[in-house]
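Thanks for coming, everyone. Please have the model open while I talk. I'll go region by region.

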Amino acid sequence: MEDDTYLLEMLDIDKSFPGVKALNKARLQVRPGTVHALMGENGAGKSTLMKCLFGIYRPDAGSIKISGKPASFADPREAMEGGVSMVHQELNQVLKRNVMENLWLGRFPARFGLVSEREMHKRTRAIFDELGIKVDPRAAIGKLGVSQRQMVEIAKAVSYHARVVVLDEPTSSLTNQEVEHLFRIINKLRAEGVGIVYISHRMEEILQISDDVTIMRDGEWIATEPAPELTIDRIIKYMVGRDLTHRFPPKTNVPGEDLLVVENLTGKYPPTCRDVSFTLRRGEILGVAGLVGSRRTELLETIFGVAHRAYGEIRKDGKRIVNRSPAEAIKNGFAMITEERRANGIFAGLDITFNTVISNINGGNRTRYTKLGLLSSRKLNKDTQSSIASMRIKTPSRKAYLRNLSGGNQQKVVIGRWLLTNPDVLLMDEPTRGIDVGAKAEIYQLIINLGSEGKGIIVVSSEMPELLGICDRIMVMSGGRLAGILEAREANQERIMRLAAKFA
Ligand SMILES: Nc1ncnc2c1ncn2[C@@H]1O[C@H](COP(=O)(O)OP(=O)(O)OP(=O)(O)O)[C@@H](O)[C@H]1O
Ligand SMILES: [Mg+2]
């Protein structure tokens with residue numbers, strides 16, 4: 001093929017970090033006016049390849065061409081001026097600034113050295129209107145939800161009139177409606193001839209939106225094929241290098257006696273959960289389904305003491321329990337894996353060891369790291385090492401900084417951390433979000449194993465196949481209330497959806 005059939009061509013890209021060869025002759029060829037999905041397991045090198053394009057990393061070897069012309073950007077500013085925009089997996093916006101300042105950061109045409117607020121507002125409005133984004137340009141970024149911040153980033157990409165737009169896991173925190181909105185924006189860009197590189201772990205979504213798919217494994221190019229010719233099974237095979245026999249491992253846990261009894265639990269500050277009553281048994285995996293806004297997260301937060309309770313009672317092993325704070329909850333044998341790990345759960349500038357043991361140092365009572373008031377680094381390191389092994393965390397060492405791990409591996413560190421506190425009740429909010437298929441299966445296995453050990457597990461998830469695949473029972477929330485509880489064996493998507501709409 002001629003050089004200029006491709007809008008973007010990256011060939012033989014190498015990139016090493018200390019102890020890691022992140023890219024090894026990686027390749028990506030994007031045709032104009034197409035959506036090109038970039039897929040691979042956590043740590044395969046997807047984000048690194050895109051950061052090489054965007055001038056964040058300098059590749060060790062290889063060539064990059066845009067519309068047939070060699071391109072090499074020293075930094076993101078140059079990349080944007082050269083027609084490449086990128087929406088990052090981790091949002092790095094300046095939280096104190098407002099929306100429009102973030103959008104135009106450092107490039108707003110100033111007259112006599114002064115930036116006109118009015119003009120900036122007008123231009124921001126125009127872009128938002130064009131894209132159907134309903135966000136106040138003067139709102140502080142820190143006050144927005146993750147999905148709105150995501151939308152602001154996408155608007156920013158569009159405002160640069162980019163020819164190549166990279167979206168790194170843009171939908172991991174969007175609702176279905178927001179995803180549809182995003183897809184409309186993508187289709188609009190595609191029709192204008194823009195090339196879109198789309199990174200996501202959601203298989204169904206990939207086949208729906210993309211024209212071509214490139215799959216990477218261990219930093220290498222594996223295959224590029226037209227999306228209509230691919231199936232989910234084939235993509236998985238390319239990604240993991242083998243057939244994945246069980247997307248859901250066989251269930252070995254057997255629910256026993258009552259562990260947790262929750263009665264009329266009601267949060268203090270609405271909108272929150274109201275009058276929720278249920279029982280969790282030892283060894284049981286209890287799913288929580290519901291639409292966005294059904295207050296599933298608030299339910300977990302009220303149990304865990306993150307959110308205040310107005311009334312209602314929790315008993316564990318027959319004993320009344322009041323979790324006034326997460327620290328108290330941890331002491332009472334609870335653990336909670338939160339939804340927005342990237343915002344609330346990780347210490348990006350610190351290493352894996354710290355991130356693994358922090359919950360134990362901070363109020364956990366099960367494992368002790370102190371001897372005569374001194375921290376035992378031997379034990380810290382041993383626990384961290386075993387967490388890395390059992391969670392199969394991909395890293396050169398336990399000393400690696402969290403920010404240098406791939407997104408999915410950061411999540412595994414957080415899950416590993418909570419398992420170390422050896423809780424009786426594990427609350428998990430969207431535990432597999434942003435995690436690749438192979439790692440998902442590992443986490444399902446882990447959850448089932450924990451169940452087999454007699455722990456009680458509550459899993460909030462928006463992926464119904466996941467709930468149906470691993471849970472014993474599924475409780476469905478609607479408008480903050482409990483709409484019903486189904487035996488997983490008798491449940492299906494339709495019955496769940498009907499309950500989810502009950503009080504919505
Ligand atoms: N700045 C860095 N320093 C050291 N290692 C790094 C750095 N950036 C990435 N890596 C390593 O390079 C490899 C590829 O990471 P990358 O973030 O590109 O994966 P990914 O395919 O985007 O994964 P995910 O789906 O989890 O986001 C990983 O092993 C990661 O730990
Ligand atoms: Mg990534």
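Start with strand 11 and strand 14, residues 309–316: six bridges join them, and the two run antiparallel. Within that pairing, Thr266 has Tyr311 in strand 14 as its bridge partner. Keep in mind that this is a predicted model.

Now turn to strand 12. Strand 11 is joined to strand 12 by five bridges, again antiparallel. Look for Val261, which stands opposite Thr279 in strand 12.

Stay on strand 11, because of a backbone angle. Most residues other than glycine have a negative phi, and most peptide bonds are trans. Asn264, which is found in strand 11, has a positive phi of about 50° although it is not a glycine. Is Asn264 buried or exposed? Asn264 has 12 other C-beta atoms within 10 Å, and 12 or fewer makes a residue exposed.

Next, the loop between strand 11 (258–267) and strand 12 (276–281). Pro271 sits in that loop. The bond to look at joins Pro270 and Pro271: it is a cis peptide bond, with omega about 0°.

Glu298 is found in helix 9, residues 296–304. Which residues does Glu298 touch, leaving out those up to four places away in sequence? They are Gly267, Thr272, Cys273 and Ala307. Take Gly267. Glu298 and Gly267 are 31 residues apart along the chain, yet their C-alpha atoms are separated by 7.7 Å. Glu298 has 21 other C-beta atoms within 10 Å, so it is buried. The cut-off for that is 20 or more.

Six strands form an open sheet here, in the order 6-7-8-3-9-10, with mixed pairing. Which strands stand at the edges? Strand 6 (84–87) and strand 10 (220–226) do. Each has a single partner strand, so one side of each is left without a neighbour in the sheet. On average, neighbouring strands of this sheet are turned by 20° against each other, direction ignored.

Zoom in on the strand 10 end. Strand 9, residues 212–217, is joined to strand 10 by six bridges, and the pair runs antiparallel. Arg217 stands opposite Glu220 in strand 10. A helix packs on this sheet too: helix 8, residues 232–240. Helix 8 touches strand 3 (35–39), strand 9 and strand 10. The direction of helix 8 makes about 30° with that of strand 9.

Between strand 9 and strand 10 there is a loop, and Asp218 is found in it. Asp218 is another residue other than glycine with a positive phi, here near 45°. How many C-beta neighbours does Asp218 have inside 10 Å? The count is 16, so Asp218 counts as partly exposed.

A quick stop at strand 5, residues 69–70. Lys69 lies there. With 10 C-beta neighbours inside 10 Å, Lys69 counts as exposed. Lys69 and Leu7 are 62 residues apart in sequence, and 9.5 Å apart in space, C-alpha to C-alpha.

Now zoom out to the domains. The protein is divided into domain 1 (3–240), domain 2 (245–333 + 423–504) and domain 3 (343–422). Eight residues of domain 1 are in contact with eight residues of domain 3. On the side of domain 1 that touches domain 3, there are two nonpolar, five polar and one charged residues.

That takes us to the ligand. Where does ligand 1 lie? Domain 1 and domain 3 both give residues to the shell around ligand 1, so it lies between them. There are 21 residues around ligand 1, and Phe17, Asn42, Ser47, Ser406 and Gly408 come nearest. Which elements give two or more residues to that shell? Strand 2 (20–30), helix 1 (46–53) and helix 14 (407–420). By class, the shell divides into five nonpolar, 13 polar and three charged residues.

Go to the cis bond joining Pro270 and Pro271. Go to Asn264, with its positive phi of about 50°. And go to ligand 1, which lies between domain 1 and domain 3. Thanks.

Definitions and conventions: Residues are numbered from 1 along each chain as its sequence is written. Chains are lettered from A and ligands numbered from 1 in the order in which they are written. This is a predicted model: local features need pLDDT of at least 70, side-chain atom pairs count only at pLDDT 80 or more; totals for chains, interfaces and linings use all residues. A residue is near a molecule or strand if its C-beta atom, placed from the backbone, lies within 6 Å of it. Helices (H or I, at least four residues) and strands (E, at least two) are DSSP runs, numbered from the N terminus. Ala, Val, Leu, Ile, Met, Phe, Trp, Tyr, Cys and Pro count as nonpolar, Asp, Glu, Lys and Arg as charged, and the others, Gly among them, as polar. Domain bounds come from an automatic or database domain assignment. Two strands pair if DSSP finds at least two bridges between them. Axes are lines fitted to C-alpha atoms, for helices over the stretch in contact, and angles run from 0 to 180 degrees between N-to-C directions. Two residues are in contact if their C-beta atoms, placed from the backbone, lie within 7 Å.
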